[in-house]
Amino acid sequence: MNWFNDRLPTTALVLLLPLALVEPPVLVVAAAGRGGVFSFAPGFALATLGAVAAALLVRRHPGLTAVEISRALLGRGAGTAVAAGYALFWFLEAAWLLRHEASKVIDLLLPRTPVWAPVLYLLAVAAYLVARGVEPLGRWAFVVVPFALTVVLAFYVAGITQAEPARLADLPPGGPGEVAREAWRVAGALEGVALPLVLAGYLVRPGRLVAATLGGMALAFLGLGGAVVMVFSLWGVRAAQLYHWPAVVAVQNVPRPGLAFEKLELIYLGVVVMLGFGRFALLYLAAVLTIRGLLPASPPLGRVVLGLAPALLVASLLPPHFDALERMRAWLYPPAWVFVYALPALGLGLSHLRGPAGAGPAGQGAGTAWGDGRR
Amino acid sequence: MIPRWTWFPAALTLGLLAGGCWDYRDINDRSLVLGMAVDAVPGQDLAHAVTAEVASPAVTSARAAAGPGAGAAQGGTPPGGRTLLRATAATSAHALAMQRASWARPLEFGHQLLLILGEEYARRGEKDELGCAGCHPAMSTSLHFLVARGRGGDFLSAVPPEGQFASLYLSTLVWNALARGSVPPTHRLSQFVAATEENGVALAPRLEWQGGQPRMAGAAVFQDYRLVGWLDEEETLGASLLSGAGRHTTLVVPCPPLAVGGSVTPARLDTTVRITYRSSKLLAETRDGRLVLRYRVSARARAWDAGCPRAPAPRGVSVEEERVLSQEAARAIRRLALLAIRRQRELGADFLGWGTYLRRGHPGLWRDLQGRWDKELRHIPVEVEVRVRVERQSRFH
């Protein structure tokens, strides 16, 4: 395994992509709507194409960061504007997810605790992790993701054995048009597939990027697909939309014969909070790296992390209640379609027209803006 | 950069935040709601009477210290460690708020075992309250959902034969009834809501008094979250067999005739047959322009022969005896299935899910029938074909 300071082995993507996608399944279940698995399957396929497009774009520009790729393709002015858009997008996604994960902790574990407490806690621990660069997060994923995926898959399999598979066959009343709209929303909920763009400058061997991306998407499909199949086959598409936390509630209903204690879902909950934290840390890292790439002097990572933390804290506490937070999610879908799918595809097309614009030799990972070991 | 020493107090502070100090509560301050019943109030259309059985460790230990019979002296409070809270209000939520206000310790619903609806309340059809009962994160959706003949609160108020809590006793009754297949498998609130959202019709376990004791058998039929009728134990078993839900059911069938020395003596005894596997397939076909539904039920079963007279050794269990037992078991299943189908026609409520089956598997047929389904449901011809293989497991001589 090629671990270096501030460098990631390309295979780390195999575990970072599931970390960015598996939690929280509530977004995908809500986005899939009445189409159920019929909407999820094409939505995930579209997300896989988006991930591959991002990986191909990065592979054509080895050693360049997302900001540098953007500037190389669009020119300095337009490229900087697009990169600033990416920074804002990652920031909003991170702020939304921070509040969402905190709300999950409040709703399901600590009902009397004020929401700012878990927000502050998650933010502080994530800031500590992100300020140390991408390598600790990669190592953390290597420890946590296999364990977490094993646990959640065990719960999903147990849940699916109790389900009625016929419920998966319910076609939405709106027909193919409705399926297409919902599939598009599912793709919008999977913004983590643009991760290869963010991690571009850290990868030791970008040559294996596409294979690693496909491997990561396959693992993510296991985790996310398991949750979606369990929820829809247990309850059908209509009842599944009644619950705030469908996967957690599904796990509550998994029978546990012979077990003396009843609160088995607490184990599941602990694991998904851990995965949710990992996803937030990745989005936070994405925002920090993009902002840092935009700043002229490329300041130490820790300063950008600390500078962004108060803004994240304020933004995540802005929604007055959970319903408002859910409504805000719908606002984030159109930017996701632009930044996660349209722009990487456009960039790939442009780079094919113009030829590769990489600054460093392929496979060396040299010439990155933040790969200099500074913090 | 931030000085290195600051990480230690920061870690301490974060540890406190992670634990959620606001949610710390001593065991003596906890009050766990184990069961809840909702009833209509006679003469008041909009009122709800909510009864909650509460386990409070502090009350339990105080009563245990005071000695036996101490609970009975506390103004009609049931003996033991349980407390019953009652309140009447316009909605269940208001009634719960009143209970919370009247009880010194906050009520916790995370360990609730069951929710009982009284018959009159269930007939009103409280769609919003029932449909969203599983939405509240504080209440587990895996709780048992029961419907009482009569008032639900009476079942929580009764002193169980053993143990301290009526909710625990009733919960055990549910599991026992599920094991013998005499209540529908949709016994959890989430399963009930899912079935209603999918079919519009769902079954819930029925709770009734028999000889002064609570008994769990049969089912309540809900249509759009409103109670429309009841199934007895046999009809419920028939519905479960047709739906293919659950696996283990015990049937009572006549013993095979006894063949000794060339003469055959008809058996006058019954024996039990335990179904270990079953499957049910529903098929639709059109005959002479008319829809016909056909069930194919197949099962494997084991006969435990303690109740049947046996041929003397060395003759073993004959193929003929197994064939007769299989035929009797198939006849018994068919009878139960037909009972369930007849009841569905009487009620006009599609608890066997025929409409959902046609919608999924035969959308063309469903489009034709959808508008007049309520009427068609009562007249569709249904054929039931049952195949059972019974294996005898033991012999007594």
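Reply: Happy to! In strand 6 of chain B, B:His144, B:Leu146 and B:Ala148 point one way, while B:Phe145 and B:Val147 point the other way. Whichever way they point, all of these residues are buried. The strand covers residues 144-148, and because five of its five residues are buried, strand 6 of chain B is largely enclosed by the rest of the structure.

Now for the strands beside it. Strand 5 of chain B, residues 114-117, pairs with strand 6 in the parallel sense, over four bridges. Within that pairing, B:Phe145 is the bridge partner of B:Leu115. Strand 6 also pairs with strand 7 of chain B, residues 201-210; this pairing is parallel too, over two bridges. Here B:Ala148 has B:Leu207 as its bridge partner.

Chain B has 13 helices and 15 strands, and 39% of its 397 residues are buried. Of the contacts in chain B with a separation of 6 or more, 72% join residues 24 or more positions apart.

A word on confidence, since this is a predicted model. The average pLDDT of chain B is 82, and 84% of the residues score at least 70. Please read residues 70-76 of chain B with care: pLDDT stays under 50 there, and the model has seven contacts beyond four places in sequence for that stretch. For the complex, the predictor gives an ipTM of 0.80 and a pTM of 0.85.

Technical notes
Residues numbered from 1 in each chain as written. Chains lettered and ligands numbered in written order. Predicted model: local features only at pLDDT ≥ 70, side-chain atom pairs only at ≥ 80, totals over all residues. Buried ≥ 20, exposed ≤ 12 C-beta atoms within 10 Å, placed from the backbone. Contact = placed C-beta atoms within 7 Å. Pairing = 2+ DSSP bridges. pLDDT = per-residue confidence, 0-100.
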